[in-house]
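Student: I would like to learn how to read the features of a structure. Please take me through them one at a time.

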Amino acid sequence: GMAYEVRGVVARGKGEPVSVETVLVPDPGPGEAVVDVAACGVCATDLHYRQGNINDDFPFLLGHEAAGTVAAVGEGVTDVAVGDFVVLNWRAVCGQCRACRKGRLQYCFNTANATQTMTLADGTALSAALGIGAFVEKTLVAAGQCTKVDPEAPATAAGLIGCGVMAGVGAAINTGGVQRGESVAVFGCGGVGNAAIAGARLVGATTIVAVDVDDRKLAWAEQFGATHTVNSRETDAVEAIKGVTGGFGVDVAIDAVGRPEVFEQAFYARDLAGRVVLVGVPTPDMQLTLPMIELFGRGGALRSSWYGDCLPSRDFPMLVDLYRQGRFPLEDFVSETVGIDDVEAAFEKMQKGEVLRSVVV
């Protein structure tokens, strides 16, 4: 079939600034779909790809936190049709692996990506970020990576469910199992951390403590539902959290940073039998050392949250519906909308902590 010629944001080499290139997108084959991308959020994971922190499969087609409209489907595709408004996900459940066979689809260990590859004009194969690659006018994905949601939701907001918002909300409500009346602490108040705060508020947590080193991020956290804020540059976060929980610590402590010293704070800031959730992504060289007697004596659970333990078909439409009903502040995560040529500048703003999310439209 014909290939679509579109413009896309490509990282050609480790740490190099991104460039906008002509990308060739093939017609969808069996089980695949081509999506007209309406909006795509700029996420830290894209920066990690550009910096070579994830792997060395350059060149990368960046972008993965996206919403758009199905433009074409391949043979055998029944779940989505041309014209459907979809949020892209990087967990297209296979239905066959050992997790799926146990009925634990949110952990699917064999998620589907497109079989064909998108290429540069000269035929160089592109590695799509998280199997999506959505800083591009059209992208090719596995049909199962398209999750249908209510088309009334603006794409700029809906796309954020595809990664950061889902990771944070899911860390609180899926992995952490936050219940109404519980206390929660969230360490790191960027896009994911603030989504965890909004998720904890959504399910009725009554004490929500936000911890960061940046007062601007703590101000955002208050908007999303934090009842208390702690600047951990100036204050001992563990003591401050105990101070607002009767001396006991929180039921659920969420590390949205992914550094050993932050995880350690989360570990000590929770009550007996409390849960620690790691949703921030550590680098491979990081090490954690804890006294084993504390691990034993405090009880509870240490859980990691990969994509907020989400099941896209269940969780994406739910969050869009709650947003449409005025019960979840999805649009508040969008700091600015930018063009496809502005991604490098958006990375700089993100690194400086000036934005919650820049969204490419």
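Tutor: Start with a definition: a salt bridge is a side-chain nitrogen of Lys or Arg within 4 Å of a carboxyl oxygen of Asp or Glu. Side chains of opposite charge can pair when their charged atoms come close. Here R7 and D341 meet in such a bridge through their side chains, at 2.9 Å from N to O. This is a predicted model, in which local features need pLDDT of at least 70 and side-chain atom pairs count only at pLDDT 80 or more, while totals for chains, interfaces and linings use all residues. Residues are numbered from 1 along each chain as its sequence is written, and side-chain values use heavy atoms, with hydrogens and water left out.

Student: Are R7 and D341 buried or exposed?

Tutor: Buried means under 20% relative accessible area, exposed over 50%, and partly exposed in between (1.4 Å probe, protein chains only). R7 has 35% and is therefore partly exposed, whereas D341, with 53%, is exposed.

Student: How many salt bridges does the structure hold?

Tutor: There are 12 salt bridges. Among them is the one between K138 and D36, whose closest N and O atoms are 2.6 Å apart. That pair links distant parts of the chain, with K138 in strand β9 (residues 138-142) and D36 in strand β3 (residues 32-41), 102 residues apart. K138 counts as buried because its relative accessibility is 19%, and D36 is partly exposed at 31%.
Another salt bridge joins K148 and D84, at 3.6 Å from N to O. K148 is in strand β10 (residues 146-148) and D84 in the loop between β5 (65-73) and β6 (85-88), so parts 64 residues apart in sequence are tied together. K148 is partly exposed at 48%, while D84 is buried at 12%.

Student: How do I read aromatic pairs?

Tutor: Rings of Phe, Tyr and Trp (its six-membered ring) pair if their centres lie within 6.5 Å; planes under 30 degrees apart count as stacked, over 60 as edge-to-face and the rest as tilted. This rule gives eight aromatic pairs. One of them is the stacked pair of F224 and F333, with 4.3 Å centre to centre and 25° between the planes. F224 is in helix α6 (residues 215-224) and F333 in the loop between α10 (312-324) and β17 (336-338), so the pair links parts of the chain 109 residues apart. F224 is buried at 2% relative accessibility, and F333 is buried at 1%.

Student: Why is the pair of Y307 and F316 edge-to-face?

Tutor: The ring centres of Y307 and F316 are 6.5 Å apart and the planes stand at 70°, so the pair is edge-to-face. Y307 is buried, with 3% relative accessible area, and F316 is buried with 0%. Ring pairs link W90, W306, Y307 and F316 into a cluster.

Student: What should I look for in the backbone?

Tutor: Most residues other than glycine have a negative phi, and most peptide bonds are trans. Y307, in the loop between β16 and α10, has a positive phi near 65°. A273 also has a positive phi, of about 65°, and is placed in strand β15 (residues 270-278). The peptide bond from F58 to P59 is cis, with omega near -5°.

Student: How do I read the overall form?

Tutor: The radius of gyration is taken over C-alpha atoms, and the globule rule is 2.2 Å times the number of residues to the power 0.38. For 361 residues, a compact globule would have a value near 21 Å; the protein has 20 Å, which agrees. Its secondary structure comes to 11 helices and 18 strands. Buried residues make up 55% of the 361 residues.

Technical notes:
Helices (H or I, at least four residues) and strands (E, at least two) are DSSP runs, numbered from the N terminus.
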